[in-house]
Amino acid sequence: LKISSEDIIFTEKSSEESAGKEFSGGKVFLDTNAGAELKKEWLVAELTRAVQEMRKELKLNKKDKITLYLPEEKAFKEFSKEISAQTGSKISFGAIAGKEGKFEFEGKGFAFGVKI
């Protein structure tokens, strides 16, 4: 991971004076608040991880294609091409079918299905 100048904001003061890490050139503060777009990407990453675990559990090879059944979730639809490519699947939105898998993200449960 590379940090570019666009990733850095220089300021004179911070509203959180106690937070951050001192160093010889000043003090570093990290913004740990995740925006909506980043949360969607995390959700998709969690789905991908869960599907890959399911593929491993089913002893599938990388070349084995599956049908991935997903709920009508905005983030899943928005990133469907990436999900399909990363999981080796054809995606079907709506009812969950096949072997059911589950994962949690930010306290909410999500289900998906895998069919060979």
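## A charge over a ring

Lys 77 lies over the face of Phe 93, at 5.5 Å from the ring centre. The term requires NZ of Lys or CZ of Arg within 6 Å of the ring centre and within 35 degrees of the ring normal. A salt bridge here is a side-chain nitrogen of Lys or Arg within 4 Å of a carboxyl oxygen of Asp or Glu. With a relative accessible area of 42%, Lys 77 is partly exposed. The classes are buried under 20% relative accessible area, exposed over 50% and partly exposed in between, for a 1.4 Å probe and protein chains only.

## Basis of the model

This is a predicted model: local features need pLDDT of at least 70, side-chain atom pairs count only at pLDDT 80 or more, and totals for chains, interfaces and linings use all residues. Residues are numbered from 1 along each chain as its sequence is written, and side-chain values use heavy atoms, with hydrogens and water left out.

## Sheet

Four strands make an open sheet with mixed pairing, in the order β4-β3-β6-β5. Strands are DSSP runs of E with at least two residues, helices are runs of H or I with at least four, and both are numbered from the N terminus. Two strands pair if DSSP finds at least two bridges between them. The edges are β4 (89-93) and β5 (99-105); each has a single partner strand, so one side of each is left without a neighbour in the sheet. From one strand to the next, the twist averages 30°. Axes are lines fitted to C-alpha atoms, for helices over the stretch in contact, and angles run from 0 to 180 degrees between N-to-C directions.

Strands β3 (residues 66-70) and β6 (residues 108-115) pair in the antiparallel sense over three bridges. Leu 68 stands opposite Val 114 in β6. Thr 67 has Lys 115 in β6 as its bridge partner. On the β5 side, seven bridges join β5 to β6, again running antiparallel. Phe 103 has Phe 110 in β6 as its bridge partner.

## Helices on the sheet

Helix α1 (residues 36-57) lies across β3, β5 and β6. Its direction runs at about 145° to β5. Helix α3 (residues 80-87) packs on the sheet and touches β3 and β4. The direction of α3 makes about 140° with that of β4. Contact means heavy atoms within 4.5 Å.

## Aromatic cluster

Which residues form the aromatic cluster? Phe 76, Phe 103, Phe 110 and Phe 112 form one cluster. Rings of Phe, Tyr and Trp (its six-membered ring) pair if their centres lie within 6.5 Å; planes under 30 degrees apart count as stacked, over 60 as edge-to-face and the rest as tilted. The count comes to three aromatic pairs.

Phe 76 and Phe 110 form an edge-to-face pair, 5.9 Å centre to centre with 65° between the planes. That pair links distant parts of the chain: Phe 76 is in helix α2 and Phe 110 in strand β6, 34 residues apart. Both Phe 76 and Phe 110 are buried. Phe 103 and Phe 110 are stacked, at 5.4 Å centre to centre and 20° between the planes. Phe 103 is buried too.

## Salt bridges

The structure holds nine salt bridges. One of them joins the side chains of Glu 106 and Lys 39 (3.6 Å, N to O). Glu 106 lies in the loop between β5 and β6 and Lys 39 in helix α1, so the pair ties together parts that are 67 residues apart in sequence. Lys 39 is partly exposed at 31% relative accessibility.

Lys 40 forms a salt bridge with Glu 78, with the closest N and O atoms 2.8 Å apart. Lys 40 sits in helix α1 and Glu 78 in helix α2 (residues 74-78), 38 residues apart. Glu 78 is partly exposed, with a relative accessible area of 39%. Shared partners join Glu 37, Lys 40 and Glu 78 into one network of salt bridges.

## Positive phi

Where does Lys 59 lie? Lys 59 is in the loop between α1 and β3. Lys 59 has a positive phi of about 55° although it is not a glycine. At 72% relative accessibility, Lys 59 is exposed.

Glu 106 is not a glycine either, and has a positive phi of about 50°. The hairpin of β5 and β6 that holds Glu 106 has two residues between the strands. Glu 106 is exposed, with a relative accessible area of 56%.
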